[in-house]
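Me: I have a structure to go through before I set anything up. Could you take my questions one by one?

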Amino acid sequence: MTIRSVVRGVGHYLPERVVENAEFAEKIDTTDEWIKTRTGISRRHFAAEGETTSQMATAAALAALKDAGLEASDIDAIILATSTADLTFPSTATMVQAALGMTKGFAFDVQAVCAGFIYALANANALILSGQAKRVLVIGAETFSRILDFEDRATCVLFGDGAGALVLEAATGTGENTDQGILSVDLNSDGSLRDLLYVDGGVSSTGTVGVLKMQGPELFKHAVVKLADTARTSLAQAGLSDDDLTWIVPHQANIRIIAATAKKLGVPMDRVIVTLPDQGNTSAASIPLALSLGKSEGKFKAGDILLLEAIGGGLAWGSVVLRW
Ligand code: UT7
């Protein structure tokens, strides 16, 4: 008998305000055509003035709890992935804990930028497998609109705001890869590549929030190689191969990266969840948003093998293989 972490519920929240590519074209030297063809993005959501990461995360968490048929009091822990916390401290996760009225358990943030949700899921899985928690709310939530340089056309058109959440629950398995739930996890980082994607401000350096800086083409090359590598590593760990994949639920940075990774793994694009056209890159929120969309559209069937994969600032990257 083995403990497995299974997905019990999924939910998301997107801010009301939708910003079309045309809105950028009115203000900076860009076009709807360039953004669409080079990235796959048509529009994104931006948080309203005063709307915070914790508020969006709470809305997504409530949707995931509802989907799971659970109350906040059923949850033992909250792990929230974000690079755009409400405050320097306390953690955004504890703010969600308070907003949900949770009086027990523990909550903390994980910071691995766009790979944050994979890292959060890995931590939640480890807590469940070690018996420290039975039900964990895993959230990815971001307000990247607050750290963008709106004069930099190479980055400001890429990102959006939003939040996604899932409830992970302990279940009994056999230890075989026929079990439902998380079958393998692969995490990686290489801090020597930090200049490819970073924010130029922080508490102990500048004392400012800073804005996002990216070397897009260089990062693109790393993404295509590293995402396929981590996918193959986690598939092998689970005793599976490319042929076993039913769905890819990727981080949504660029449709060309998503398509190249799917091609390498031999998965047709109609088996890849793509939210990029309507949401842009929501960093740590992109995978749970895609999971929530895929589930609400009835795409995942019991027994399907899902590959979740992401790369971002750090660089940090990784993947999770799970059976739905
Ligand atoms: O989420 C974390 C992970 N993120 C990623 O993995 C992102 C990886 N990188 C990318 O997705 C792509 O590199 C970008 C979408 C960021 C950029 O696409 P690209 O095809 O690599 O374009 P580029 O940076 O090589 O720029 C090509 C041209 C340049 O003009 P010149 O020098 O050829 O005259 C840019 O100045 O496109 C220009 N350009 C733009 N033109 C119109 C850059 N941004 C824009 C823009 N509108 N918004």
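Me: Let me begin with a loop. Where is Leu 315 found?
Reply: Leu 315 is found in the loop between β12 and β13. Please keep in mind that this is a predicted model.

Me: Which residues does the cis peptide bond there join, and what is omega?
Reply: The cis bond joins Gly 314 and Leu 315, with omega at about -10°. Most peptide bonds are trans.

Me: And where is the cis bond that involves Pro 90?
Reply: That cis peptide bond links Phe 89 to Pro 90, and its omega is about 0°. Pro 90 has its place in the loop between β4 (77-81) and α4 (92-99).

Me: Now backbone angles. What is phi of Val 113?
Reply: Phi of Val 113 is near 50°, a positive value in a residue other than glycine. Most residues other than glycine have a negative phi. Val 113 is found in the loop between β5 (106-110) and α5 (116-129).

Me: Is Val 113 buried or exposed?
Reply: Val 113 counts as buried because its relative accessible area is 18%, and the cut-off for buried is under 20%.

Me: What about Ser 283, where is it and what is its phi?
Reply: Ser 283 is found in the loop between α9 (276-279) and α10 (286-296). Its phi is positive, about 50°, although Ser 283 is not a glycine. With a relative accessible area of 0%, Ser 283 is buried.

Me: Changing topic to the ligand. Which residues come nearest?
Reply: There are 24 residues around the ligand, and Thr 30, Arg 153, His 251, Asn 254 and Asn 281 come nearest.

Me: How much of the ligand does the protein cover?
Reply: On its own the ligand has 950 Å² of accessible area, and the protein covers 72% of that.

Me: Which elements give residues to the shell?
Reply: Those that give two or more residues are α2 (32-39), α6 (153-156), α7, α8 and β12. The largest share of the shell comes from α7, with 4 residues.

Me: Next, the packing. Which residues touch the most other members of the largest nonpolar core?
Reply: Leu 245 and Ile 248 do, within a core of 43 residues. The elements that give two or more residues to this core are α7 (216-237), α8 (255-265), β12 (305-312) and β13 (316-323). α7 gives the most, with 6 residues. At least three residues of this core come from each of domain 1 (2-173) and domain 2 (181-323).

Me: What is Ile 248 in contact with?
Reply: Apart from its neighbours within four places in sequence, Ile 248 is in contact with Ala 262, Leu 265, Val 267, Arg 271, Val 272, Ile 273, Leu 307 and Glu 309.

Me: What does the second core include?
Reply: The second, separate core has 36 residues, including Val 110, Leu 127, Ala 316 and Leu 322.

Me: Last one: why does Ala 61 count as buried?
Reply: Ala 61 counts as buried because its relative accessibility is 0%. Ala 61 lies in helix α3 (residues 53-68). Leaving aside neighbours within four places in sequence, Ala 61 is in contact with Val 96, Leu 100, Leu 137, Ile 139 and Ala 165.

Key. Residues are numbered from 1 along each chain as its sequence is written. This is a predicted model: local features need pLDDT of at least 70, side-chain atom pairs count only at pLDDT 80 or more; totals for chains, interfaces and linings use all residues. Side-chain values use heavy atoms; hydrogens and water are left out. A nonpolar core is a set of buried Ala, Val, Leu, Ile, Met, Phe, Trp, Tyr and Cys residues joined through side-chain atoms within 4.5 Å. Buried means under 20% relative accessible area, exposed over 50%, partly exposed in between (1.4 Å probe, protein chains only). Domain bounds come from an automatic or database domain assignment. Contact means heavy atoms within 4.5 Å. A residue is near a molecule or strand if one of its heavy atoms lies within 4 Å of it. Accessible areas come from the Shrake-Rupley method with a 1.4 Å probe; for residues, only the protein chains shown count as cover.
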